[in-house]
Amino acid sequence: MRTDYSVTVKEVSKELTHKERVQITDLTDCVKLDMATQEGPVLIDLDYYAVLAIHNEKSTDKDYENYVVADKNGIRYSTGSKSFFNNLVTICEEMQDSDDTDEVWQIKAYRRPSKNRQGKDFITCSIV
């Protein structure tokens, strides 16, 4: 068993099968939102999301979180962006409380210029 790197599923937005729980921890098969949003907004037909707690001895910050967003077509996206995740959770909570359960919606992930870090962008999302 590896002790220098580990991934733990900390939170999920829906109940996952054992297979899905193992799959969600494999970030090598995920599209990085940082790269995907370089070319413009990315539309995600959200199936579920997960929060992963990662321990990596080779990283400067040895303990951190990553967020994985699974699209209904099977694509999984990963990011470390807290602004993206905070907006995603807010959207999901609002839509869960909606009376219109048949309403179709998607997540649009995109970049915005940072006010705190000159010349840098951050990743966020909106509902479409």
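Ser78 is placed in strand β6; helices (H or I, at least four residues) and strands (E, at least two) are DSSP runs, numbered from the N terminus. The model is a predicted one, in which local features need pLDDT of at least 70, side-chain atom pairs count only at pLDDT 80 or more, and totals for chains, interfaces and linings use all residues. Residues are numbered from 1 along each chain as its sequence is written, and side-chain values use heavy atoms, with hydrogens and water left out.

With a relative accessible area of 6%, Ser78 is buried. Buried stands for under 20% relative accessible area, exposed for over 50%, and partly exposed for what lies in between (1.4 Å probe, protein chains only). Not counting residues up to four places away in sequence, Ser78 touches Leu27, Cys30, Val31, Lys32, Leu33, Tyr67 and Val68; a contact is defined by heavy atoms within 4.5 Å.

One of these partners, Val31, is found in strand β2 (residues 31-32). Val31 counts as partly exposed, at 34% relative accessibility. Leaving aside neighbours within four places in sequence, Val31 is in contact with Ala36, Ile75, Arg76, Tyr77 and Ser78. Val31 and Tyr77 are 46 residues apart in sequence, yet their C-alpha atoms are 4.6 Å apart in space.

Strands β6 and β2 belong to an open sheet of five strands, ordered β1-β4-β5-β6-β2, with mixed pairing. At its edges stand β1 and β2, each with a single partner strand, so one side of each has no neighbour in the sheet. Strands of a sheet pair through backbone hydrogen bonds, either parallel or antiparallel. Here two strands count as paired if DSSP finds at least two bridges between them.

Within this sheet, strand β1 (residues 5-12) runs antiparallel to β4, and seven bridges join the two. Thr8 stands opposite Ala53 in β4. Strand β4 (residues 46-56) is largely enclosed by the rest of the structure, because nine of its 11 residues are buried. β4 also pairs with strand β5 (residues 63-71), in the antiparallel sense and over nine bridges. Along this pairing, Val51 has Tyr67 in β5 as its bridge partner, and His55 stands opposite Asp63 in β5.

A second sheet can be followed next. Three strands form this open sheet, in the order β3-β7-β8, and the pairing is antiparallel. β3 (42-44) and β8 stand at the edges with a single partner strand each, so one side of each is left without a neighbour in the sheet. On average, neighbouring strands of this sheet are turned by 30° against each other, direction ignored. Strand β7 (residues 107-113) pairs with β8 in the antiparallel sense over seven bridges, and Pro113 stands opposite Asp121 in β8.

Leu43 lies in strand β3. At 47% relative accessibility, Leu43 counts as partly exposed. Not counting residues up to four places away in sequence, Leu43 touches Asp71, Gln106, Ile107, Lys108 and Val128. Of these, Ile107 is 64 residues away from Leu43 in sequence and 5.7 Å away in space, C-alpha to C-alpha.

Helix α3 (residues 82-96) lies across β7 and β8, running at about 10° to β8. α3 also lies across β1, β4, β5 and β6, at about 145° to β4. For such angles, axes are lines fitted to C-alpha atoms, for helices over the stretch in contact, and the values run from 0 to 180 degrees between N-to-C directions.

The last topic is empty space. Rolling a probe the size of a water molecule over the atoms shows where such space is left. On a 1 Å grid over the protein atoms alone, a pocket is an open set of points where a 1.4 Å probe fits, with protein on both sides within 12 Å along at least five of seven lines, and lining residues have an atom within 4 Å of a point. The second largest pocket holds about 270 Å³, a volume being the space filled by probe spheres set on the points, which are joined across faces, edges and corners. Its lining has 13 residues, of which Asp34, Thr79, Gly80, Ser81 and Ile123 lie nearest the centre. The elements giving two or more residues to this lining are α2 (33-36), β6 (76-79) and β8 (121-127). β8 supplies the largest share, three residues. By type, the lining of the second largest pocket divides into three nonpolar, six polar and four charged residues; Ala, Val, Leu, Ile, Met, Phe, Trp, Tyr, Cys and Pro count as nonpolar, Asp, Glu, Lys and Arg as charged, and the others, Gly among them, as polar.
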